[in-house]
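Me: I am new to this structure and would like to know what the terms used for it rest on. Please take them one at a time.

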Amino acid sequence: MSERAQAPPDFPLCEATCGLTLTIEGSAVTGARGDRDDVFSRGFICPKGAAFGAVDGDPDRLRTPLVRRAGRLREATWEEAYAAVAAAVPALLLEYGPQSVGVVLGNPNTHTMAGALYPPLLLKALGTRNLFTASTLDQMPKHVSSGLLFGDPFAIPVPDLDPTDFLLLLGANPVESNGSLCTAPDFPGRLRALRARGGTLVVVDPRRTRTARLADRHLAPRPGSDALLLAALAHTLLDEKLTDPDRLTRWTEGLGELGPALDRFTPEAVVPACDLSAAEIRALVRELAAAPTAAVYGRIGSCTTEYGTLSSWLVDVLNILTGNLDRPGGALFPLSATDHAPRPTGPGKGFALGRWHSRVGGHPEAKSELPTAALAEEIETPGEGRIRALIAIAANPVLSAPDGRRLDAALAGLDSMVSVDPYLNETARHAHVVLPPPPPAQSAHFDFAFNAFAVRNQARYSPPAVPLEEGRVDECEIHARLILAVSGQHGAPPEAVDDRVIADTLARAAADPHAPLFGDDPRLSARMLSGRTGPERRLDMMLRLGPYDLTLEDLGRHPHGIDLGPLRPRLPGVLKTRSGRIELLPEPIAAELPRLRGALAERPAALVLVGRRHLRSNNSWLHNVPALIGGSNRCTLQVHPEDAGRLGLAHGGRARVTADGGSLEVPVEVTEAVRRGGVSLPHGWGHDRAGSRLSVASAEPGVNVNQLLDGTRLDPLSGTAVLGGFPVELAPLP
C-alpha cells in the first residue's frame, strides 16, 4: 500500500533545495517527484532528487554505532559509543589542552538542521581553535571578500535571476551544479527564461559546459586567469568612464583609489595570460555597462584558484561600479526568516583576518577557520598543541583536501577520532567511534544556510517523512549527546543542550532594545515556544526573533512553504564595517594586488587542469547510488583534440597526469568541451581504500584529483586550497 508523504520535504543534499513529494511504502521511500505546490521550486526536480529513495535506503548506510576494539571497528550500542567518547576526549583535553582536539566539518553539515545548530556549541565546549571545514576547499574566498567589503562574511549578494537583463557567469556551471552560494531551484529554467525575455547570458569558462551551451556568448579563457580578466574588466569600466555607481556612492569609500590600484590591468596587458583578445574584453565591458540591469556571478571555478579572494572581490567591484549592487535585477542581499530582525544602521565591528595562526605552517585564520590543507601537518608534527584527537562531522577530507595519502597516514596516528557519518568512507574508516545519523527521510529539515543565499525570500519546514527506525537516534540528539560527552557531562539529558541555548538566547533578546522580545520575561518567552523537540523549539525561537514575525506553527500550516517575496535592496542595513560604508579597497586586498600584477609577466603553463561538476553527483557523497553512476558521471581526463594529437593521447586510452603532489593514471576522453591548453578531471573520486564500506563506489573508484596537489598552493587571504588552474604534465600510457 503506497501513500504520499504528509509534508513534502525539500531535498537535503543539494543547494537548490527543491521540494519533493515522496511515495512511501511502510517506512521505505519508494519514489520521489517534484512538489508542484512548493512555493520556491514549483515541481522542478533533477536526477539527484529523483533518486532520493535510493539515497535514503542505501544498504551501505550504517545503522548502528561502531567502536574500535582491538584495532577493529565493531558494532556497539549507543551507550557504549558515547561512553567511549566520554572516556577518551575529556582526558586528552585535560592532559594536553583544548588545542589538542581538532574539528572537521564537511559540506553536508549545511544541508541538515543538526549540522547548522550544534557544531558551534561543540566548538565552544571543546574550546579549540583548530577548526577545518569544506569552506577552505570551496567558498571561503567569497566569505573573505564579503567580510572585507561589507564587514560581514555572510553578507553575500546573489544575482537577482528572474528580472535581470544581463547575467555574466564566471567559473560557474549551475545547469549541472544547481548553483552554489546562489540557491535557485530550476537554475536552467531561469537561464532559459532570461534569454526568452530578451536578456543576455554570457558564460566565461575554459570548458564548454552545459551552462555555456545555453549562453548567448561563451568566452573560454586560459584556466586560472579569472582574476586578471576581472581586473581588466574593472579597469576598462573606469578607464572608459562607463561606471555608474549612482546611489551606492554615498555608502562607498575607496572609489578614487580603485583606478590607480588597477591601472596596470589593461585588456592588452592580460591578453597573454587570459588568451582572449582585447577587443573581446572591451566588448564585454561595454555590453555589461549598457545593460538596463545586470549581475556578475562567480563561483567555485574562480574561487579555488591562486587568486580566489581577488576574483571574488572583483565580482562585487563590477556590480558596484555598474550600479547593480543592491538593485533589483542586479545582485541583492537575501533576508532569510531566521536572520536577525533589522537594526539601526551605523558602523559595526568590521571583519579581521589572521586573529590567530596555525601552529605548524603559520596560516592565518579566516572566519575562525584554518586551511583544511594544513590538517595533516597539525596532526603529524610533534610538539605542544599537536592535534591528538579529531571530531569529523559529515566530512571526507581524505578525498576532498589536497594530498589525501598524507592525511590518510596522519589520521591513522590519532589517539582518538570520532566520526559522525552515515557511511564508513575513506575518512571515517580511521575513527575510533562512528556515530551514524538516520536517513534524510527520518529527519526534520529546515534550510538555515541556503535560505541566506536564495534568489527569493521564502521559508519551508519539513517534519520527518517517516518515523525513526527502531535503534536509530535522531541526528540532533546525536550531536547534543556528543557535546555532553566531550564536555564531561556524559549521561545528562540531551534536551539540556537545547534548553541552555534557548535560555541564553532569550535572555540576550530581552536585554536588547532592538530585538522583537525586548523587555519580555525570558522564562515566559521560553514557555511560549512551540515544537515537539529541542531543535523545533530553537527554530521557533529563531523565527520569532527574525524579520518576518513568523512562528513554527505558521510553517506547519504551510507544508509547501511560505513565499516572503522577491529580494529587495537592503543597503546600508547589511553593512558592518568599522566605517559603516562599503570599503571598496580594503588594505588586505590592496596588499594582494601587487602579487596579481606580477602574474602579468609570468609565462603561462602549457597545460593547466580544472575540475568539473556532474549533474548526478555532489562531491564524494552520491557515488554509492547505482542510479547516479555511469553516463556522463565518470572519472575521465578530458583533453582537447589538438593537445591529444600533440601528446599522442587517444580517446579511450590512458594517460599519466603529473603535478606537485605526484601522478595519477586516468582514462582519456578526447573532447572539444575543454579548450586547448586545458584538461579537466572531476573531484570526489578515489574510492579504492581498504576498510571503507562503499560497495558501489569501490566497484568504480576512479582517481582522487586532489592527490595531484601537495597542499602548498593556497590563496593566501582565505587559506583556500588551489584545486583548479594549476599546471600539469601528461604522458600516454600503453
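Predicted model: local features only at pLDDT ≥ 70, side-chain atom pairs only at ≥ 80, totals over all residues.

Me: Which residues of α10 and α13 meet?

Reply: On the α10 side they are L229, A232, L233, T236 and L237. Their counterparts in α13 are I281, R282, L284, V285 and A289.

Me: What makes S177 count as buried?

Reply: Buried means under 20% relative accessible area. S177 has 14% relative accessibility, so S177 counts as buried. This residue lies in helix α7 (residues 174-177).

Me: What makes the pair S177 and G179 a polar contact?

Reply: A polar atom of the S177 side chain lies 3.2 Å from the backbone nitrogen of G179. The limit for such a pair of N or O atoms is 3.5 Å, and 3.2 Å is within it.

Me: How do you know that β9 and β13 pair?

Reply: Pairing needs at least two bridges between two strands. Strand β9 (residues 166-170) is joined to β13 by four bridges, so the two strands pair. They run parallel. Across the pairing, L167 has A295 as its bridge partner in β13, and L169 stands opposite Y297.

Me: What makes β11 and β13 edge strands?

Reply: The open sheet has four strands in the order β11-β10-β9-β13, with parallel pairing. β11 (217-219) and β13 each pair on one side only, and that makes them the edge strands. From one strand to the next the twist averages 15°. Helix α8 (residues 187-196) packs on this sheet and touches β9 and β10 (200-204). The direction of α8 makes about 130° with that of β10.

Me: Why are both faces of β13 said to be covered?

Reply: In a regular strand, side chains alternate between the two faces of the sheet. In β13 (residues 295-298), A295 and Y297 are on one side, with V296 and G298 on the other. All four are buried, so both faces count as covered.

Notes
Residues numbered from 1 in each chain as written. Heavy atoms only, no water. Buried < 20%, exposed > 50% of the residue type's maximum accessible area, 1.4 Å probe, protein only. Polar contact = N/O pair within 3.5 Å; in protein donor to acceptor, adjacent residues only side chain to side chain. Contact = heavy atoms within 4.5 Å. Axes fitted to C-alpha atoms, helices over the stretch in contact; angles between N-to-C directions.
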